[in-house]
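Here is a short tour for anyone opening this structure for the first time. Take a look at the sequence and the model, then read on.

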Amino acid sequence: MFEEIKNQIAQRINEFCLQNGLPTGKVEFRNIPFSGEWGMAAPFFPLAAADPNKTGPVPQYAQVLAERLKEAIGLPTGFTRSEAVRGYLNLYFDTALYAAGVVDQVNKQGPQFGNAKPTGESVMVEYSNPNTHKPLHVGHLRNVILGGSVCNILEASGQKVVRANYIGDIGLHVIKWMCNYEMYHSGEQPGKDKMRWMADLYSEADRRFHEQEGFEETVRAYFARWDSGDEHIHDLWLKTRQWSMDGFAQVYELLGEHFDRIYFESEVEDSGKVLVASLIESGIATDGRPENPVIVDLDAILGTKEEYRVAVVLRSDGTSLYATKELPLAIMKFTEYDLDESIYVIDVRQSLHMKQMKKILELMGFPWAKNIQHLAYEIVNLPGNVIMSSRDGTVVLLDDLVREATQRALDVVREKNPELDPTIMQDVAQKVALGAIKYPMISRENTKIVTFDWESALDFNGQSAPYIQYANVRANSILRKAEDLEESPATFAYQLEPSEVNLIELLSKLPDEISKSAKDLKPSILAGYAYDLAKAFNDFYNQCQVLKAEGEVRNSRLALVQAARTCLEKTLNLLGIQAPQVM
RNA sequence: GUCUCCGUGGCCUAAUGGAUAAGGCACUGGCCUCCGAAGCCAGCAAUCUGGGUUCGAAUCCCAGCGGAGAUACCA
């Protein structure tokens, strides 16, 4: 917005510097901290500090320079006044022109507003990565929401995104589950709620494994049968895995997530073992079997000390590990898709492993290895720094949380809006509940721990998704009642209220906010913006009449409300949160 | 031991090195005859410590303190 004008002024400042023997490139514009009116400001401290002929201390000299520049520049078109104050040169925009420019642009572009031009780059984002035969809990939710939101944001910033999900469909947890099933639940079928049923059987199996005499040995024997290719177990595995996948599908649908490519751990196990063999052959890996595992001594190879450490790529008994499978998977991704970047949304505790994988792939000579990026996020724990553990029974199941939140939201909707159709009520309650659950997961820095507690999770007030959804509903309500949405463009040719200026300013920032959060892979930036926007709208709503205003004021404000709704809905959607029409 | 991350009002969180550190929760008081009170307004209260870099530091560097995590056959 107004880039050309900024450039023109920057040009004139440069000319001034050249004419007066001052260094160039030291002056940059920023926004003035909002004070009822808006414009742009240039601090002159860097220029003052860089001038070899400066007179007096920097702050004072900056003020002198600001004053001289004020005279030299005069008042460019599009501005109403300028001032030199405390070392800054402030230029104030012509409010009507600026306002109309922003609002028209939003309304013209609609939901496309804020999107960047296609970059031609393609990126894969691997996220969710659940284990079959196990439940999904709130900790997993952060991964899904974060990953999904990052995908949305990258798409809006012009990249082609492949959403990938890497499913842990083999391993001890699966064997445990199946063994328990065959011994105690043979022939049983999951009910409608497959996820819950699978989860219950998993905790039962896990409990037996740790508590029941002899069960662990039985499971080990069962594992051996599986390893030797027992057909019956293989069939059972396919069948039960599908039950889990069906359960996941239900959750993804509920959360509004979809994937373009599903990878199974079982898919890459064999190729992983082959790959390790070639690593040994090429001298990258050291085979310590049968006493020791196959390792890649990265510190020894790279000459580093306690930095990359030792990566174990195959167990001493020849069975595969996480790392064994990770390597061929990375290769498969880059062969299947022409990726410019491969992002892994994995919790921070696996940072070293990710670093090792990337380095091993580099050592193997893959030029794309440098384009692997680990998006590390902190875990979700419980108050008192208690880590969620299915063994200790401290997990908060996704299912329970969603059900409870939806019930709570339904109570509120029923109270606020009793005349709503029950079906719509249910739909609204779910959107509000899911929003409330998702928002805390993405509204803080990826590297900060989220502490889950029921009270704040079910609080629909304050800085929360329902607050943002509510602002959107209010905007929607005005527009619905307006009926006569004007096609004549808004002029804003009247004395704007500060709250209007503030709201318009925020609207104009959306493209910037999207590109910032895409660049840093931080949905939290957009989450904060969404709240600021909603707050600005509520402020406007409180201070300015729309429907009861007349003429130009009404016309312009209606256009503003429409633009605000567009931006609110757009931002919520990028965060993976739905915006109900009423609530 | 080594490495990584975190340290901002009572609690939680924000601030491309830039103007008076911004919000939420909780607490106190006010606002529905007015486009939807899941809202608005007002009040209370903060940068872990010590150095350094800089015209300017919550932000960058160093040291310390406190918390969390990782550190060869879990993922």
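Predicted model: local features only at pLDDT ≥ 70, side-chain atom pairs only at ≥ 80, totals over all residues.

Two strands count as paired if DSSP finds at least two bridges between them.

## A sheet of three strands

Which order do the three strands of the open sheet follow? They run S14-S13-S15, and their pairing is mixed. At the edges sit strand S14 (386–387) and strand S15 (450–451), each of them pairing on one side only.

Strand S13, covering residues 380–382, pairs with S15 in the parallel sense, over two bridges. As background, strands of a sheet pair through backbone hydrogen bonds, either parallel or antiparallel.

## How the chain is divided

Chain A is split into domain 1 (3–93), domain 2 (260–396) and domain 3 (401–574). How far apart are the C-alpha centres of domain 1 and domain 3? The distance is 36 Å.

## The nonpolar cores

Now for the inside. The largest nonpolar core has 135 residues, and Phe44 and Phe492 are the ones that touch the most other members. Helix H15 (residues 422–442) gives the most to this core, with 11 residues. Another core lies apart from it, with 34 residues, including Leu279, Leu327, Phe334 and Met354.

What does Phe44 touch, once its neighbours within four places in sequence are set aside? The contacts are Val27, Ala62, Leu65, Ala66, Leu69, Gly87 and Leu89.

Phe16 has its place in helix H1 (residues 3–19). Is Phe16 buried or exposed? Its relative accessibility is 10%, so Phe16 counts as buried, the cut-off being under 20%. Beyond its neighbours within four places in sequence, Phe16 is in contact with Leu22, Arg68, Leu69 and Ala72. Take Arg68 from that list: Phe16 and Arg68 are 52 residues apart in sequence, yet their C-alpha atoms are 9.5 Å apart in space.

Thr406 belongs to helix H14. With a relative accessible area of 8%, Thr406 is buried too. Leaving out neighbours within four places in sequence, Thr406 is in contact with Gln426, Ala429, Gln430 and Ala433.

## Salt bridges

How many salt bridges turn up in a search of the whole structure? The count is 27. One of them joins Glu155 and Arg163, with the closest N and O atoms 3.3 Å apart. In this pair Glu155 is partly exposed, at 38% relative accessible area, while Arg163 counts as buried, at 4%.

Next, look at Arg403 and Asp399, another salt bridge whose closest N and O atoms are 3.3 Å apart. The two are four residues apart in helix H14 (residues 398–416), so about one helical turn separates them. Arg403 is partly exposed at 48% relative accessible area, and Asp399 is partly exposed at 26%. This pair also belongs to a network of salt bridges that links Asp193, Arg196, Asp399, Asp400 and Arg403. Over in helix H15, Lys431 and Asp427 are four residues apart, so about one helical turn lies between them. Lys431 forms a salt bridge with Asp427, with 3.2 Å between the closest N and O atoms. Asp427 is partly exposed, its relative accessible area being 35%.

A few loops deserve a quick look. The peptide bond from Arg289 to Pro290 is cis, with omega near 5 degrees. Pro290 lies in the loop between strand S8 (286–287) and strand S9 (294–297).

Which residues other than glycine have a positive phi? One is Arg309, with phi near 55 degrees, in the loop between helix H11 (298–302) and strand S10 (310–314). Leu521 is another, with phi of about 55 degrees, and its loop runs between helix H18 (498–520) and helix H19 (523–543).

Technical notes. Residues numbered from 1 in each chain as written. Chains lettered and ligands numbered in written order. Heavy atoms only, no water. Core = buried A, V, L, I, M, F, W, Y, C linked by side-chain atoms within 4.5 Å. Buried < 20%, exposed > 50% of the residue type's maximum accessible area, 1.4 Å probe, protein only. Contact = heavy atoms within 4.5 Å. Salt bridge = Lys/Arg side-chain N within 4 Å of Asp/Glu carboxyl O. Domains from an automatic or database assignment.
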